[in-house]
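Subject: Structure handover

Hi,

Here is the structure I promised to pass on. Please load it first, then read my notes below.

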Amino acid sequence: MSDNCLKESYCPVVSRDFNKDYGDQGFLLENGKTLPALTIRYETYGNLNEAKTNAVWICSPLTADAHAAGRYSEEDKKAGWWDELIGPGKAIDTDRFFVVCSNILGGCKGTTGPASINPRTQKPYGSTFPTITIGDMVHAQKELANDLGIKEFFCVVGGSMGGFQAMKWAIYYPDQVKRIIVIASSPRFSSQALGFEVVARDIITQDPNFNNGDYYNQAGPHIGLANARKLAHITYLSAIGMEKKFKRAQDQENRNHAVTYSTPFDMELPIESYLRYQGTKFVDRFDANSYLHIAHATDTFDLETEYGTLEKAFQNIGAQVLNVNLSTDWLFPPHESRRITSALLNCGKSVTSLELDTQFGHDGFLIEVGELGKAVGRFLDSHIIPEKGGSTQSMPVFHDQSDFDRISKLIPDNSRVLDLGCGGGELLAHLAKTKNATGFGVEKNIKGILDCLENDVPVIQRNLDEGGIADIEKNSFDYAIINRTIQEIRDPVALLNEILRVAKRAIVTFPNFGHWSARGSLMLHGRMPKSKELPYEWYDTPNIRVLTLKDFYTLCEKEGLKIETLDIQNESTLSKIFTALGLKNFGAEHVIATISKR
């Protein structure tokens, strides 16, 4: 084994099979039917620790297989389908974790599926293979995990249909699953996605060679399967990505001369050859029956219908959750993915969520792993329990420590706190350490989200100007904090009222534009002021409006808000003198106020 091999990918990878005969009892499926035996093809990367607690389980998407990472040999030209994410020193670090990926139940890459030989008949299952669910896939994987001796799962990770499996892992085995990562997924397929599935199913089953699924000793439904894959592949892309990839640009010769096509309907477009290639390649590696059975499992997956509400589905899970959606994904659109986050928030679970901007649509989580890798890596690094004799991670030094100390004094121990515009989560980390506070932050910038993960702070990516907390239930928090952010909000009145819907009290901090230095700068220089509190030029400031202490009093009076505490912060001697003389609006540099509904 060479060093070069290790640096690029986990190498060499060895595929293995788990085999178990269940006898007359059989492996019980959720529909009540049984399979007499299970074979599960799987791969592992890294080593299981002595306590058997460092396992990271990878749940594969619909048509992927167990080969998630690494290479079988140095000569192997193609690495596993998520190799950029899994390996030594990568986001899912095989120097730390024991990583497992298996082919799913119903598949055709070594795990029991319709093409497998039925031990009871010694013939391929074909049309007799029972329908399966996402839950059946998870229960089968748990059989493999038991055989591997895994006692708990540090994390279960899944994208697309793999996200369905990850959620079921957390629901079925709440005491063993410590974290889950759900990527480009949702609580169910949308009606639009189901529509594509219906068409794909009909394309396969109406192929003359389908023969009701019993085609293994004859020509199979290759044309139907290829066309179904073409249709599905369109849903994996995005409009903007397709336009860039398949722009209908003709060369100069074609622009000057008539183009001759092989048939009256063949336009020889780039997307035609691409989809045909994808269809042909898929037929070479996949089975039509497996496609139908796995697709049926995804189509019938619906947590809300199964459990009554999403909150009930998640109410008993113990896992911390990272939920990632993709901006251009219309197979699992962001608004569907956000429902997972909302439900977890409303049943008091620990969740971090973010949206990655990609032009690749649903396939983005397989193609662009830069920001995704950072998020996954930092999530796996967070909340690590030190070994005996070790020490916990030291807290970072805060630039606004004085602010944090003042805010901390306003919040009782064990409070549940929401931090709006939380940046890198330093304030929440401080409150967790000094006040044993729980809660999460809201931040719109990806850098802030990644910094929150670094600081062990749960955070959701939202824009406060676009209904960022509208899905949070009433009185979910003891305190909500909007620290140096309210002047950046398009409609601060609406936001303050929304804050006091979800929290009993709000702590609002802002720079006072009525301060003597700001007035003096305008009067003497005729320019917008710059200071420690207002460090921007007028053309690059995030502050879309500025307010004074007097403005804040007026706003609270008008909106029926009670100012419970008011802390004026000053650094300069002159500011302190003006404040002491009762000229608060003239002397205050920065304001920290606690407000509530009257």
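Start with the loop between helix 1 (3-8) and strand 1 (16-21), where Pro12 lies. The model is predicted. A cis peptide bond joins Cys11 and Pro12. Its omega is about 0 degrees.

Backbone, continued. Two residues other than glycine have a positive phi: Lys52 and Gln122. For Lys52, phi is near 60 degrees. Lys52 sits in the loop between strand 4 (37-45) and strand 5 (55-59). With a relative accessible area of 32%, Lys52 is partly exposed. Phi of Gln122 is also near 60 degrees. Gln122 belongs to the loop between strand 9 (117-118) and strand 10 (123-124). Its relative accessible area is 57%, so Gln122 counts as exposed.

Next, helix packing. Two packed helices are described by the angle between their axes and the distance between the axes. Take helix 2 (residues 134-148) and helix 3 (residues 161-172): their axes come within 9 Å. The crossing angle is roughly 65 degrees. Angles of 65 to 115 degrees count as roughly perpendicular, and helix 2 and helix 3 are therefore roughly perpendicular to each other. Their crossing is right-handed.

Which residues make the contact? Helix 2 supplies Ile134, Gly135, Met137, Val138, His139, Gln141 and Lys142. Helix 3 supplies Met161, Phe164, Gln165, Lys168, Trp169 and Tyr172. By class, the residues of this contact are seven nonpolar, four polar and two charged.

Last, the aromatic rings. The count comes to 23 aromatic pairs. One of them is Tyr172 with Tyr173: the ring centres are 6.4 Å apart and the planes are at 80 degrees, so the pair is edge-to-face. Tyr172, at 21% relative accessibility, is partly exposed. Tyr173 is buried, at 16%. The cut-off for buried is under 20%.

Phe578 and Phe586 also pair edge-to-face, because their planes are at 65 degrees, with ring centres 4.7 Å apart. Phe578 is buried, with a relative accessible area of 17%. Phe586 is partly exposed, at 27%.

One cluster to look up in your viewer: ring pairs link Trp57, Phe153, Trp169, Tyr172 and Tyr173.

Best wishes

Methods. Residues are numbered from 1 along each chain as its sequence is written. This is a predicted model: local features need pLDDT of at least 70, side-chain atom pairs count only at pLDDT 80 or more; totals for chains, interfaces and linings use all residues. Side-chain values use heavy atoms; hydrogens and water are left out. Axes are lines fitted to C-alpha atoms, for helices over the stretch in contact, and angles run from 0 to 180 degrees between N-to-C directions. Helices (H or I, at least four residues) and strands (E, at least two) are DSSP runs, numbered from the N terminus. Angles under 35 degrees count as roughly parallel, over 145 as roughly antiparallel, 65 to 115 as roughly perpendicular and the rest as oblique. A crossing is left-handed if the near helix is turned anticlockwise from the far one by less than a right angle, and right-handed if clockwise. Contact means heavy atoms within 4.5 Å. Ala, Val, Leu, Ile, Met, Phe, Trp, Tyr, Cys and Pro count as nonpolar, Asp, Glu, Lys and Arg as charged, and the others, Gly among them, as polar. Buried means under 20% relative accessible area, exposed over 50%, partly exposed in between (1.4 Å probe, protein chains only). Rings of Phe, Tyr and Trp (its six-membered ring) pair if their centres lie within 6.5 Å; planes under 30 degrees apart count as stacked, over 60 as edge-to-face and the rest as tilted.
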